[in-house]
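Thanks for asking me to look this one over. Here are a few notes to read alongside the coordinates.

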Amino acid sequence: MTPAFLSEQATLAILDDFRSGQHRGVVVDSPPGAGKSTLVVRAAAELVEDGQRLMIVAQTNEQVDDLTVNLAGRLPGALIGRLSGGSYVRSERLARLANVACDTAVAALTGCAVTIATAAKWAYVKDHSWEWAIVDEAYQMRSDALLAVAPRFERALFVGDPGQLDPFSVVENDRWRGLTWDPMQSAVAGLLRNNPGLPVHRLPVSWRLPSTAQPVIAPAFYPFTGFRTGTGPGERELTYTTTGFGRTPVDRVLATAASSGWGYLELPARHTMRTDGEAVEAVADVARRFLHRGTMARSGDKVEPVTADRIAVGAAHRDQVAALQAALADAPGITVDTANRLQGREYDVTVVLHPLSGRRDATAFHLEAGRLCVLTSRHRQACVVVGRAGIHELLDAHPSVEPVHLHEPVKFPDGWAANQTVMTHLEQHRVPA
């Protein structure tokens, strides 16, 4: 069966379950780039075409704006409501759409077929309700945020990626661990713990990731469900229009990335500060070199240049991001951000500073499976990881020793095991610096 057939069959089963009205909630798990937003827009459009009204919950203003634009294009004859906070400034792309109404009060949007807002904004709505709701990126939403908006709808479709980052807090949350109402668990985790009979569907195909990513991303971060990529070997290709200096480590790692979809530029072993200057420069050199070499990306019969806006650089910490931004000041179009802010975004090429590079220990933060999953699954063509030698030895010396909490469901995949799987794969594409 073709990937398109598998994806369509899964989508039809999801929509049938959701629209049957037999369940108060339907959960959809999705690997990276499987078409979550496409599913949300399609489900909403089909309800509107049947004469229904619904609300959509997203997690950030950027996600809300993206969905609003997509729905406005899919439903040109319907009025789409964009509910916002008082400080929100309507973006230019929304201002151009005649069928989009923006307001801070839900009462002003009562004539809209679809009303879209962030979970934080929906928490302030108290006097309106809808029969249907869709919660986008539901694994990024905290369970207490779901509790705040749940009175607004009768039944909902929850769509998200279980392999990415869980909700986080800057305060200690051990006092709630193991409790069914733990506010720090994801909305989906809390929903299923209290409603174990709800149907759970899975989108089986990643349309973003190349076929070279499936052998490492699927077993490392989706060990029990897996997925397949929508493209096969040879259907995507990375080439360079200028010849490189083949003996330099940067050009060798670019060649490795073009041939295998992966590259690992390994710096000498050393314990360093978090903002490792040598590692920062190496990451910047790799990202900059993709531009200098005139990189071209082929997908099927379509060939396009890899411009700066199609390259992303990812790191674990904000101070690392600040250092990388300074190092790439001469390439302002390249996106440089943390894993948290790169979630849901897509690029042709990504360059990653490994979270464990230069560290003396492997803490829970740096072993978080979702963080590494986000960093290594944003690309359509290739991913290059930069890190210092000794990461595998660090993992072997620091097995996971996080405390076990009673009644807390075990989360898979385990971060330590996921890091081991990824490093084993990266070492096959290692280029010593």
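This is a predicted model: local features need pLDDT of at least 70, side-chain atom pairs count only at pLDDT 80 or more; totals for chains, interfaces and linings use all residues.

1. Let's begin with the strands. β11, β13 and β14 make up an open sheet, ordered β11-β13-β14, and their pairing is antiparallel. The edge positions go to β11 (236-240) and β14 (302-305); each has a single partner strand, so one side of each is left without a neighbour in the sheet. On average, neighbouring strands here are turned by 20 degrees against each other, ignoring direction.

2. β13, covering residues 295-299, joins β14 through four bridges in the antiparallel sense.

3. Next come two helices. α9 (residues 249-260) packs against α10 (residues 277-292) at an angle of about 65 degrees, and the axes are 10 Å apart. The crossing of α9 past α10 is right-handed. On the α9 side, Val 250, Asp 251, Val 253 and Leu 254 make the contact, while α10 contributes Asp 285, Val 286, Arg 289 and Phe 290. Sorted by class, this contact holds five nonpolar and three charged residues, with no polar ones.

4. Finally, the annotation. An unreviewed UniProt entry places the feature "domain: DNA2/NAM7 helicase-like C-terminal" at residues 280-388. Across residues 280-388, the chain is 35% helix and 32% strand.

Terms used:
Residues are numbered from 1 along each chain as its sequence is written. Side-chain values use heavy atoms; hydrogens and water are left out. Two strands pair if DSSP finds at least two bridges between them. Axes are lines fitted to C-alpha atoms, for helices over the stretch in contact, and angles run from 0 to 180 degrees between N-to-C directions. A crossing is left-handed if the near helix is turned anticlockwise from the far one by less than a right angle, and right-handed if clockwise. Contact means heavy atoms within 4.5 Å. Ala, Val, Leu, Ile, Met, Phe, Trp, Tyr, Cys and Pro count as nonpolar, Asp, Glu, Lys and Arg as charged, and the others, Gly among them, as polar. UniProt positions are given in the numbering used here, feature names are shortened, and annotations may be inferred rather than shown by experiment.
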